[in-house]
Amino acid sequence: MKQFLTLDDLPNFDDQVALAQAIKADPYQFEKVGKRKTLGLLFFNPSLRTRLSTQKAGRLLGMDVMVMNFSNEAWAIEYEDGTIMEGLRSEHVKEAAQVVSQYCDVVGIRAFATLTDKEKDESEQVLQRFIEHATVPIVNMESATAHPLQALADAITLQELTLPKKPKVVLTWAPHPKALPHAVGNSFTRMMQQMDADFVIANPEGYDLDPRITKDIPVIHNQDEALQGADVVYAKNWCSYEQYGQILRTDNAWMLTPEKMAKTNNAYFMHCLPIRRNVVVADGVLDHPNSKVIEQANNRTFSAAAVLKSLLS
Ligand code: CP
């Protein structure tokens with residue numbers, strides 16, 4: 001594997017999940033793989049889980065790890081070619097990517113969607129321009145359209161649950177006061193397409209994800225109907241894709257509550273975190289023993305370690 005931008009970069013999805021599970025069972029078994037190698041993590045947006053779990057993953061493999069927060073520590077980067085750089089941007093990605101490549105053997109990048117320019121977001125400008133000029137592998141730590149490290153961790157978590165042979169898994173939109181990107185929903189959907197499950201997406205009218213990603217997955221605009229008989233409920237907010245970046249509704253009718261979870265088959269609850277309590281989901285769901293959000297966060301370490309191991313090998 002030369003880079004990890006989406007789940008489609010994995011040579012074999014099931015093998016990658018198995019590798020992550022093996023690392024979880026024996027975390028230091030590959031501690032020599034990254035010896036004298038450096039992992040650089042570049043954050044253009046905030047993070048708790050990705051920032052800490054990916055550092056931990058690098059260290060499990062024996063790597064040195066460097067982290068840089070571009071929102072307040074680095075020079076602002078210009079991505080367009082031929083620009084007269086007389087504004088606020090002091091460094092061009094052509095130099096920045098090559099310079100970072102001098103210090104690092106693998107580089108992770110977090111660069112969220114702008115949610116103002118669909119075309120630019122879908123071009124994954126930050127990630128792609130770094131790839132163009134870097135000379136080392138790049139790992140997507142959540143880009144405009146994908147969060148594959150999260151999806152891989154979610155796959156590990158799903159496999160750890162006690163579920164029927166072909167479980168019903170519901171990805172449900174939930175309310176949020178801010179416009180959020182589609183990356184988690186997209187990657188969870190892509191991951192579920194590789195699992196043997198009855199997978200449905202529930203979201204209000206106007207909130208359908210990119211139809212090129214959801215393809216033939218059933219999309220239901222009635223949350224109660226979708227939750228009936230679910231074995232796993234994964235909640236996530238995203239803004240409108242069609243009316244790009246817009247919040248179309250602000251009511252709490254789609255907030256997940258214990259009453260709604262009662263319609264399910266005693267479902268497990270999942271969310272990538274961070275989560276706004278009593279906005280996205282009621283306390284009673286998040287604090288229920290069936291909530292698996294902490295296990296998901298724990299599995300981020302092993303999903304990242306498996307990806308780094310594959311890149312280093
Ligand atoms: N789930 C996730 O990516 O969390 P952070 O934004 O805190 O990294």
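**Ground rules.** I am working with a predicted model, where local features need pLDDT of at least 70, side-chain atom pairs count only at pLDDT 80 or more, and totals for chains, interfaces and linings use all residues. Residues are numbered from 1 along each chain as its sequence is written, and side-chain values use heavy atoms, with hydrogens and water left out.

**Ligand site.** I found Ser-47, Leu-48, Arg-49, Thr-50, Arg-110, His-147, Gln-150, Cys-272, Leu-273 and Arg-300. I sorted them by class, with Ala, Val, Leu, Ile, Met, Phe, Trp, Tyr, Cys and Pro as nonpolar, Asp, Glu, Lys and Arg as charged, and the others, Gly among them, as polar. That gave me three nonpolar, four polar and three charged residues.

Next I looked up polar contacts (a pair of N or O atoms within 3.5 Å). A polar backbone atom of Leu-48 sits 2.7 Å from a ligand oxygen. For Arg-49, a side-chain N or O atom is 2.9 Å from an oxygen of the ligand, and for Arg-110 a polar side-chain atom is 2.8 Å from a ligand oxygen. The ligand taken alone exposes 250 Å², and the protein buries 94% of that; the areas are Shrake-Rupley values with a 1.4 Å probe.

**Helix 12 and its partners.** I took helices (H or I, at least four residues) and strands (E, at least two) as DSSP runs, numbered from the N terminus. Axes are lines fitted to C-alpha atoms over the stretch in contact, with angles from 0 to 180 degrees between N-to-C directions.

Helix 1 (residues 13–25) packs on helix 12 (residues 293–312) at about 115 degrees, with the axes 8 Å apart. I noted contacts (heavy atoms within 4.5 Å) that involve, among others, Leu-19 and Ile-23 of helix 1 and Phe-302 and Ala-306 of helix 12. This contact has seven nonpolar, five polar and two charged residues.

Helix 6 (residues 148–160) also packs against helix 12, at an angle of about 115 degrees and with axes 8 Å apart. Its contact includes Gln-150 and Ile-156 of helix 6, and Arg-300 and Phe-302 of helix 12. I counted seven nonpolar, five polar and four charged residues there.

Which peptide bond is cis here? It is the one from Leu-273 to Pro-274, with omega near 0 degrees. Pro-274 lies in the loop between strand 11 (268–270) and helix 11 (283–286), and Leu-273 is in the loop between strand 11 and helix 11. Leu-273 has a positive phi of about 65 degrees, although it is not a glycine. Most residues other than glycine have a negative phi, and most peptide bonds are trans.

Notes:
Near = heavy atom within 4 Å. Polar contact = N/O pair within 3.5 Å; in protein donor to acceptor, adjacent residues only side chain to side chain.
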